[in-house]
Amino acid sequence: MLAATTRRSVLLGSAAAALAGPRAFAAALNPALPAGLREEAVIESPAGKRDLLKLTWRPPNYETPLDGFTTPITANDRFFVRYHLANIPTKAELANWSLSIGGDAAEQEVKLSLADLKALPATEITAICQCAGNRRGLFTPHVPGVEWGIGAMGNAVWRGVRLKDVLAKAGVKPGAVEVTVRGADSAVVEATPIFKKSIPLDRAMDDTVLLAYAMNGEDLPLLNGYPVRLIVPGWTGTYWMKHVTRIEVVSKPFDGFWMAKGYRVPKGVFGTDRPFTSQDNEKTSPVTELVVNSLITAPLDGAKVGGAGFAVQGLAWDGGHGIARVEVSLDAGATWQAATLGEDLGRFAFRPWSFAVPAGSGSITVLARATATNGATQPAKLVANPAGYHHNVISTVTVAAG
Amino acid sequence: MKYLLATTLLAFAAPAFADEQPVDLKPAPGLEAVNANCGGCHSLDYVRMNAPFLSADGWKAEVGKMRNAFGAPIADADAAVIQKYLTENYGAN
């Protein structure tokens, strides 16, 4: 706490913008975050990671500071870390890792080693893993949970095998409805529900869903699911199971805690092309598809910029439709101008964008709004929901020009 | 003695995280119960992170969630002490 306070007091103010790097970005934590979180957050480098913003030590929850998003691919050592349960396997414990596939709607039990998995046809996809609760800390009023700022997300090139190819080894019986997945991480207390999730069978059979063993050309970092994690492009990170050890094809909806009670949103509030109807109840649905969103990565909020104009840069993304446009407003949303879209890394990836603000002086507030190809656009007002998911309000930065 | 025993057991059960640093919550009546009952499953920065915006009912709901949803073995008497501590020291003000 002392360290964070010191860093803030040193770096806040005019120096913050000049000093690039994680400490400056951490120092510029959004004042809308809970006061306790702003005191608690500190830049740390857990094993295999570099300069992440520590929210909690155990289970480890670390977010990527803004400077990790200056490129559309997020580096492995800057990629955020999110665990629900504190017993995380070590690399040594995972040395003899294997994956078993079965379930009441599978034809047979199958066991695969890492070598077996890597012998199957490989494929790659660039996709964003974003926690459903990213930006929860910016909810007004605050809701309890991990009080994420902007950085519980990352975009990587994932390499692995299609889940459907692995399921084919076991054989899918008629009547299968969902595929359940669990990993090697576990709780301290036996009574805590195991972390296990399910996805609909049609999503499991989708070409985009992978069991990935490589991330940006390297083994997965331990804290991102080594040796194998599930990749569900377009869906929130809760389905991207880490350290996957067991997959089951099941004939009934999985009713475990993390499906039936956790990760739920009010029914019908957030649109999706592919509702997860086997998990719907009268009032709520599972949180699934990412909502359209954008982030301003430069300049920093509160920065001083020259009077001759300055460049605004950022990222935009959605749940897999692709980004149609990003617009910027310099008059509090009265009028909007098109930003220039950068390289297209695929419909599940971050799309960089930029906008040139003309010469001016005084306080300038920049608003950015992304629109996906399905017409969905970022709202001006927060869509409230009890667990604090899907925060995608138009973001702003205010700078002093001149 | 009761707290000492619980702490000892949890110290064996809790995974060791090399980079974990101690989180010292405010010294006040009830802190012993918080340390003994909460710190085994998660670091106590979870408390500070969620402050100061929860009402007494909000903290009661969090303690209830830990007991009922996550199976934390917290006795009724301890739960009451913990809720009071959290509300008074980390509650909405």
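**Notes on the model**

1. In chain A, strand E2 (residues 52–56) and strand E3 (residues 61–63) pair in the antiparallel sense over three bridges. Strands are DSSP runs of E with at least two residues, helices are runs of H or I with at least four residues, and both are numbered from the N terminus. Two strands pair if DSSP finds at least two bridges between them. Within this pairing, Lys54(A) stands opposite Tyr62(A) of E3(A).

2. This is a predicted model, in which local features need pLDDT of at least 70 and side-chain atom pairs count only at pLDDT 80 or more, while totals for chains, interfaces and linings use all residues. Residues are numbered from 1 along each chain as its sequence is written, and chains are lettered from A and ligands numbered from 1 in the order in which they are written.

3. E2(A) and E3(A) belong to an open sheet of four strands, in the order E1-E2-E3-E4 (chain A), with antiparallel pairing. Its edge strands are E1 (42–44) and E4 (81–82) of chain A, each of which pairs on one side only.

4. Chain A has eight helices and 25 strands. Its radius of gyration is 21 Å, close to the 21 Å that the globule rule gives for 402 residues, so chain A is as compact as a globular protein of that length. The radius is taken over C-alpha atoms, and the rule is 2.2 Å times the number of residues to the power 0.38. Along the principal axes, the C-alpha atoms of chain A fill a box of roughly 70 × 45 × 40 Å.

5. The contact between the chains takes 28 residues from chain B and 28 residues from chain A; residues are in contact if their C-beta atoms, placed from the backbone, lie within 7 Å. On the chain B side, helix H3 (45–49) and H4 are the elements that give two or more residues. H3(B) gives the most, with four residues.

6. H4 (residues 56–69) of chain B also packs with H5 (residues 76–90) of chain B, at an angle of about 140° and with the axes 9 Å apart. Axes are lines fitted to C-alpha atoms, for helices over the stretch in contact, and angles run from 0 to 180 degrees between N-to-C directions. The contact is made by Ala56(B), Trp59(B), Lys60(B), Val63(B) and Arg67(B) of H4(B) with Ala79(B), Ile82(B), Gln83(B), Leu86(B) and Thr87(B) of H5(B).

Technical notes. Contact = placed C-beta atoms within 7 Å.
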